[in-house]
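Please keep the structure in view while reading.

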Amino acid sequence: MAVSMRTLSKPRWLMFGMVVAVACALMASRAECEDGLAPGFKLKSQKIELPVEKQTFGTGPEADAANAHCLTCHSRGMIDTQPPMPLAVWKAEINKMRSAFGCSAPEELVDSLSKFFEHLNNQPATRQEARAAHR
Ligand code: HEC
């Protein structure tokens with residue numbers, strides 16, 4: 001591309017210079033990346049193993065709903081490790097999951113899910129097992 005200096009007005013000429021400068025800087029940083037990083041700095045791939053959460057709420061109509069709607073974002077442990085809570089608090093909790101976080105449980109399931117969790121949450125064994133598992 002032939003760009004005549006005479007055809008460029010001063011601001012255009014400045015802009016052209018800036019584009020060239022940025023292009024040079026980009027090319028230089030790219031070369032640096034390809035060559036490696038600063039001396040003594042090495043990137044190494046890491047391998048991490050995340051725990052696979054397999055625990056569900058079992059089977060049955062409410063358990064199926066809980067499995068479908070409550071395990072998409074967090075594990076059962078998040079629920080089991082709660083202190084004993086009354087029904088109204090579970091209702092509020094489930095509604096919070098729906099409104100604040102986008103939980104897919106439809107409104108008509110809120111009552112049955114609240115009862116399900118209130119019952120589960122008030123079984124001492126559930127909390128003891130949960131605490132032991134998440135210690
Ligand atoms: C769309 C994602 C999502 C879904 C689905 C979801 N939750 Fe949660 N839940 C969260 C997040 C995020 C937190 C952590 C909130 C915090 O730390 O403040 C949380 C935390 C909780 C807690 C701990 C107490 C609290 O309020 O922080 C309980 C209990 C809970 N969820 C129950 C449920 C139940 C029951 C369901 C199913 C009806 C459910 N969650 C579905 C996102 C979700």
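Predicted model: local features only at pLDDT ≥ 70, side-chain atom pairs only at ≥ 80, totals over all residues.

The crossing of α4 and α5 is right-handed; a crossing has this hand if the near helix is turned clockwise from the far one by less than a right angle, and is left-handed if anticlockwise. Residues are numbered from 1 along each chain as its sequence is written.

The chain comprises six helices and zero strands, and its elements run α-α-α-α-α-α from the N terminus on. Here helices (H or I, at least four residues) and strands (E, at least two) are DSSP runs, numbered from the N terminus. Of the 135 residues in the chain, 12% are buried. A residue is buried if 20 or more other C-beta atoms lie within 10 Å of its own, exposed if 12 or fewer, and partly exposed in between, with C-beta atoms placed from the backbone. Among contacts in the chain with a separation of 6 or more, 56% join residues 24 or more positions apart; a contact requires that the C-beta atoms of two residues, placed from the backbone, lie within 7 Å.

Axes are lines fitted to C-alpha atoms, for helices over the stretch in contact, and angles run from 0 to 180 degrees between N-to-C directions. Angles under 35 degrees count as roughly parallel, over 145 as roughly antiparallel, 65 to 115 as roughly perpendicular and the rest as oblique. On the α4 side, Leu87, Trp90, Lys91, Ile94 and Asn95 meet α5 residues that include Val110, Leu113 and Phe117. By class, this contact of α4 with α5 has six nonpolar, two polar and three charged residues, where Ala, Val, Leu, Ile, Met, Phe, Trp, Tyr, Cys and Pro count as nonpolar, Asp, Glu, Lys and Arg as charged, and the others, Gly among them, as polar.

With 15 other C-beta atoms within 10 Å, Leu87 is partly exposed. Beyond its neighbours within four places in sequence, Leu87 is in contact with Ser114, Lys115 and Glu118. Leu87 and Lys115 are 28 residues apart along the chain, yet their C-alpha atoms are separated by 6.5 Å.

Helix α5 (residues 110-121) also meets helix α2 (residues 61-70): their axes come within 10 Å and cross at roughly 100 degrees. Helices α2 and α5 are therefore roughly perpendicular to each other. Glu62, Ala65 and Ala66 in α2 face Ser112, Leu113 and Phe116 in α5 across this contact, which by class has four nonpolar, one polar and one charged residues.

The loop between α1 (10-35) and α2 holds Thr56. Not counting residues up to four places away in sequence, Thr56 touches Asn67, Leu71 and Arg76.

The last topic is the ligand. It is surrounded by 18 residues, of which the closest are Cys70, Cys73, Met97, Phe101 and Cys103; a residue is near a molecule or strand if its C-beta atom, placed from the backbone, lies within 6 Å of it. The elements giving two or more residues to this shell are α2, α3 (76-80), α4 (87-101) and α5. Helix α4 gives the most, with five residues. By class, the shell around the ligand has 11 nonpolar, five polar and two charged residues.
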